[in-house]
Amino acid sequence: MFEITAGKSALRLNRPLMGASGAFGFAGEYSKLIDLSLLGALVTNPISLKPRRAANSTRVVPLDSGVLIHTGLPNGGIHKMHRQYAARWRTSPIPIVMHLIGSAEDLAECATFLDQQSEIASIELGINDTLTAREVRTVVATVRARTQLPLLAKLPLYQAVNVAAAAADGGADALVVAAPPRGTARDPLSGQLVGGRLYGTWLKPLAVRLVGQLAPRVGVPIIGCGGIHHPDDVRDFFEAGAKAVQLDSVVWVRPDMVAAIANALSGAELTRAAGALADEWRPYGETAERRTPLIVAPPPPFVPPPPEI
Amino acid sequence: MAHGQAIIERIRRVSAGIQRLELAVEPAQQIIGGGQFFLVRTTGTYDPYLREAWLPVGLRDGAVIVERPTRYEYAPNQVIDVLGPIGKPFPLRDSTRALLLIAYEATPAIFLLMAQSALARRAAVTLVLIGQACRYPLEALPSAFEVTRAEYHETWHERQQQIAWADQIFAVAPPPYDVPAYLRLLEDVQRIRHAMSADLLYGIFQPPMPCGVGACQACLVRLHNGEEVPACVDGIAFDLTRVNLLQNLPDSTGV
């Protein structure tokens with residue numbers, strides 16, 4: 001059991017494992033494929049005060065071992081989303097954390113609204129990567145003043161070191177390290193350069209390093225996020241100092257891995273025994289063979305996408 | 001919708017550029033309608049990262065037949081990771097007796113499963129291949145199809161008669177050419193069919209779909225009523241009178 005407390009309220013996770021914002025949808029989109037009760041909590045896709053529309057430009061650019069996504073963070077605004085999903089959130093087998101985006105004023109208004117709602121167990125603030133440390137402190141403090149709910153701050157990857165202390169000072173009860181970084185890549189379909197969020201296996205070393213840097217320096221729990229695709233990845237985050245982790249794009253590419261990771265965490269040791277050899281460190285009973293690819297086939301050569309005639 | 005492993009049981013080369021694979025899939029994945037497809041991983045690594053869309057073109061004895069370009073190599077007994085069926089079956093009406101299928105610059109394979117249902121109901125099927133789609137081999141199509149070819153939409157000379165003839169029309173074009181192609185087609189259909197019923201003309205939207213369940217919001221299609229719905233859940237065929245095509249036009253400022 002992992003717990004984040006804020007005054008009298010608490011976010012209690014049966015497992016230190018959360019579905020990250022932007023990956024699992026707003027409410028149980030994955031329930032047909034995954035037993036969501038295996039997660040400790042589910043973070044909704046980003047929600048803003050006012051409605052936002054989907055991006056008009058290319059939204060997906062496939063990359064080597066990753067993907068660039070630019071959705072525009074579409075949502076119907078907090079009031080519509082609450083009306084639409086409240087019943088499902090209420091009956092969710094796991095706590096729901098709402099990921100909020102917007103200006104300090106918008107976030108404060110959203111937090112005031114959520115403080116009156118029982119379906120939401122916690123708030124996660126998406127910290128914009130253009131904010132200075134001072135502005136981050138102001139944003140978090142403004143929201144903190146409006147809600148009793150546990151408050152998570154999801155930090156931008158490249159700014160996390162600079163703004164982590166400010167977010168904690170502002171009143172965040174835990175820090176999520178880190179949000180998917182922004183990047184730019186050429187869309188092979190349109191030929192344009194497209195900006196968006198990056199996901200992939202290669203993010204993990206960056207995020208683990210940040211967790212290792214921040215965990216001893218901030219006085220609040222760190223939740224690791226980025227590039228987790230295997231139970232071993234979770235172990236690395238814990239060893240670096242994270243108290244919990246969030247899974248993101250792994251659910252798109254290997255939904256079965258969510259259960260594998262959750263089961264690996266059930267009752268397993270989460271730290272390496274002193275002096276243990278690498279071969280002895282398999283707390284979830286995974287065999288060495290399991291790490292080899294499940295499917296052995298020659299990778300297809302890179303070929304530009306359609307038209308495929 | 002299910003996630004499981006499938007085995008490639010048989011590989012047939014249909015033409016120089018096309019091969020068809022017979023897949024032994026999970027029982028839940030054998031129930032698949034025309035227009036539904038699979039998202040597939042063929043390797044255990046994460047490169048490529050996203051799944052590929054595999055289009056079923058037929059069913060045989062519990063196996064699903066999919067079509068792939070021959071430039072990809074597969075082996076019998078190869079195990080693959082399959083997510084699906086994705087999307088909803090194409091809304092082919094029982095009353096449809098004249099079915100018009102149009103492929104702009106894209107393989108018409110996505111139509112074949114539905115077309116077999118239509119032929120079984122004794123409907124007449126006309127397939128129009130435009131641009132690169134003309135390179136699709138005729139030997140891969142059912143012999144009952146009437147096939148028309150044109151280099152461009154504007155040089156599709158039979159479009160007046162064929163659009164007027166059809167009870168239902170389905171069109172496919174690859175992104176980012178889909179919306180411009182559908183705009184031209186919708187304009188023609190509205191001009192030719194003065195009383196255009198709501199379920200006459202469908203466009204197929206196949207943007208890359210990272211998740212296939214509507215969670216990632218990367219494949220949203222904007223409708224006239226202001227809603228934005230995921231193509232992977234509510235599509236992939238949309239009634240073009242419901243789609244706000246102008247607002248789905250990609251802008252040129254991606255960065």
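1. Start with Leu21(B), which sits in strand β2 of chain B, residues 18–24. Bear in mind as you look that this is a predicted model. Is Leu21(B) buried or exposed? With 23 other C-beta atoms within 10 Å, Leu21(B) is buried, because the cut-off for that label is 20 or more.

2. Who are the partners of Leu21(B)? Skipping neighbours within four places in sequence, Leu21(B) is in contact with Ile8(B), Ile11(B), Ile65(B), Val66(B), Arg68(B) and Tyr74(B).

3. Now chain B as a whole. DSSP gives chain B 6 helices and 14 strands. Its radius of gyration is 18 Å, close to the 18 Å from the globule rule for 255 residues, so chain B is as compact as a globular protein of that length. If you want a box, the C-alpha atoms of chain B fill roughly 50 × 45 × 30 Å along the principal axes.

4. Of its 255 residues, 49% count as buried. Take the contacts in chain B between residues at least 6 apart in sequence, and 68% of them join residues at least 24 apart.

5. Over to chain A, and helix α4 (residues 160–170). Which of its residues are buried? The list is Ala160(A), Val163(A), Ala164(A), Ala166(A), Ala167(A), Ala168(A) and Gly170(A). The cover over the buried residues of α4(A) includes α3 (133–144), β9 (151–156), β10 (174–179) and α5 (203–214) of chain A. Just after α4(A), Gly171(A) takes a positive phi of about 120 degrees.

6. Leaving out neighbours within four places in sequence, Leu175(A) is in contact with Ala164(A), Ala167(A) and Ala168(A), among others. Its contacts also include Ala153(A), Leu155(A), Leu214(A), Val218(A), Val220(A), Ile222(A) and Ile223(A).

7. On the nonpolar cores: the largest has 187 residues, and those with the most contacts inside it are Leu155(A), Ala167(A), Leu175(A) and Val177(A). Which helix gives the most to this core? That is α2 of chain B (residues 109–120), with 8 residues. The core also draws at least three residues from each of domain 1 (2–86) and domain 2 (98–248) of chain B.

8. The interface next. Here 52 residues of chain A are in contact with 50 residues of chain B. On the chain A side, β5 (60–63), β6 (66–69), β12 (193–200) and α7 (250–253) each supply at least two residues. The largest share of that side comes from β12(A), with 4 residues. By class, the side of chain A that touches chain B has 29 nonpolar, 15 polar and 8 charged residues.

9. Last, confidence. Chain A has a mean pLDDT of 87, with 86% of its residues at 70 or more. In chain A, residues 278–298 have pLDDT below 50, and this stretch has 26 contacts in the model beyond near neighbours in sequence. Chain B averages a pLDDT of 92, and 98% of its residues score at least 70. For the complex, the predictor gives an ipTM of 0.91 and a pTM of 0.88.

Definitions and conventions
Residues numbered from 1 in each chain as written. Chains lettered and ligands numbered in written order. Predicted model: local features only at pLDDT ≥ 70, side-chain atom pairs only at ≥ 80, totals over all residues. pLDDT = per-residue confidence, 0-100. Contact = placed C-beta atoms within 7 Å. Nonpolar A, V, L, I, M, F, W, Y, C, P; charged D, E, K, R; others polar. Core = buried A, V, L, I, M, F, W, Y, C linked by C-beta atoms within 7 Å. Buried ≥ 20, exposed ≤ 12 C-beta atoms within 10 Å, placed from the backbone. Domains from an automatic or database assignment. Rg over C-alpha atoms; globule rule 2.2 N^0.38 Å.
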